[in-house]
Amino acid sequence: VHSRLHTLSDRFDFLLDGVPVLREVLLHRKAGDTSEQSLANWRSIIVVPGGFRTSGAFALDVTDPEDPKLLWEITPEGRCAPDSADVLQCYDTEDTTACTTGGDCNDFAKLGFIRSKVAIGSVYFRFAATGAAEERAVAIIPGGQARDDVSASGKVVYVVDLETGEKVVEFSNFTKNVVDNNDAAENTEHIDFDMLGEPACYNSFPGTLTTRCVMGDGGGQLWY
């Protein structure tokens, strides 16, 4: 955004116009946590996508509205987040240093221009790096409109840890974890269109965890 502020001197431009989402969430909880520990982990989190011409998203902890804190920012170039000493650290798409979820947790190269809201929920998973299992809050982020120079961008859905911004899972043609039951002859790839729709997520069983999401793509198809 900063690098494009000068364009406003003589014309209109889209900078940061994504639709923010604010939620009161329990960031994490594991077996054995006391009620006091769980209470301390309830936070007010706002997630802001880039919008029409800025690819990426960022999250703020606004529990204290007079002292907001940056949690993370993700872009096609990688992920930035404060470390334990509250010093901002940035990791490129190939960097797995300090990743608790394991794998390519800083790789968001397929992000496009996210025009819709993101969804926020909770999942239960096991960390690849430590083997520990716990309930974690996550953001479900559609890829958005493809960037002009990257054909694979936009055709993706990311699930990221809401506290750290680390990628938990990526759904795309490259990861081969997308099931497509469309048997039309011209349907050559599982995800043919940019994922533009706002995710609608819910729990298919009584409880607080997110188990299902529905969203639409740029071709008018619904994904579940």
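Which hand does the disulfide of Cys201 and Cys213 have, judged by the torsion about the S-S bond? In this predicted model, local features need pLDDT of at least 70 and side-chain atom pairs count only at pLDDT 80 or more, whereas totals for chains, interfaces and linings use all residues. Residues are numbered from 1 along each chain as its sequence is written, and side-chain values use heavy atoms, with hydrogens and water left out.

The torsion about the S-S bond of Cys201 and Cys213 is about 105°, so this disulfide is right-handed. Cys201 lies in strand 12 (residues 200–202) and Cys213 in strand 13 (residues 212–216), so the pair ties together parts that are 12 residues apart in sequence; strands here are DSSP runs (E, at least two residues), numbered from the N terminus. A search of the whole structure finds 3 disulfides, a disulfide being a pair of cysteine sulfur atoms within 2.5 Å. Another of them joins Cys80 to Cys90, with an S to S distance of 2.0 Å, and its torsion of about 110° makes it right-handed. The link of Cys99 and Cys105, by contrast, is left-handed, with -70° about the S-S bond. Cys105 has 0% relative accessibility and counts as buried, whereas Cys201, at 28%, counts as partly exposed; buried means under 20% relative accessible area, exposed over 50%, and partly exposed in between (1.4 Å probe, protein chains only).

An open sheet is formed by 6 strands in the order 1-3-4-5-6-7, with antiparallel pairing, where two strands pair if DSSP finds at least two bridges between them. Its edge strands are strand 1 (21–26) and strand 7 (88–92), each of which pairs on one side only. Within this sheet, strand 5 (residues 69–75) and strand 6 (residues 78–82) pair over 3 bridges, and Glu73 has Cys80 as its bridge partner in strand 6.

Lys167, in strand 11 (residues 167–172), counts as buried at 5% relative accessibility. The side chain of Lys167 reaches the backbone oxygen of Asp107 at 3.1 Å. Beyond its neighbours within four places in sequence, Lys167 is in contact (heavy atoms within 4.5 Å) with residues including Asp107, Cys105, Val159 and Val160.

Terms used:
Helices (H or I, at least four residues) and strands (E, at least two) are DSSP runs, numbered from the N terminus. A polar contact is a pair of N or O atoms within 3.5 Å; within protein, one must be able to donate a hydrogen and the other to accept it, and residues adjacent in sequence count only if both atoms are side-chain atoms.
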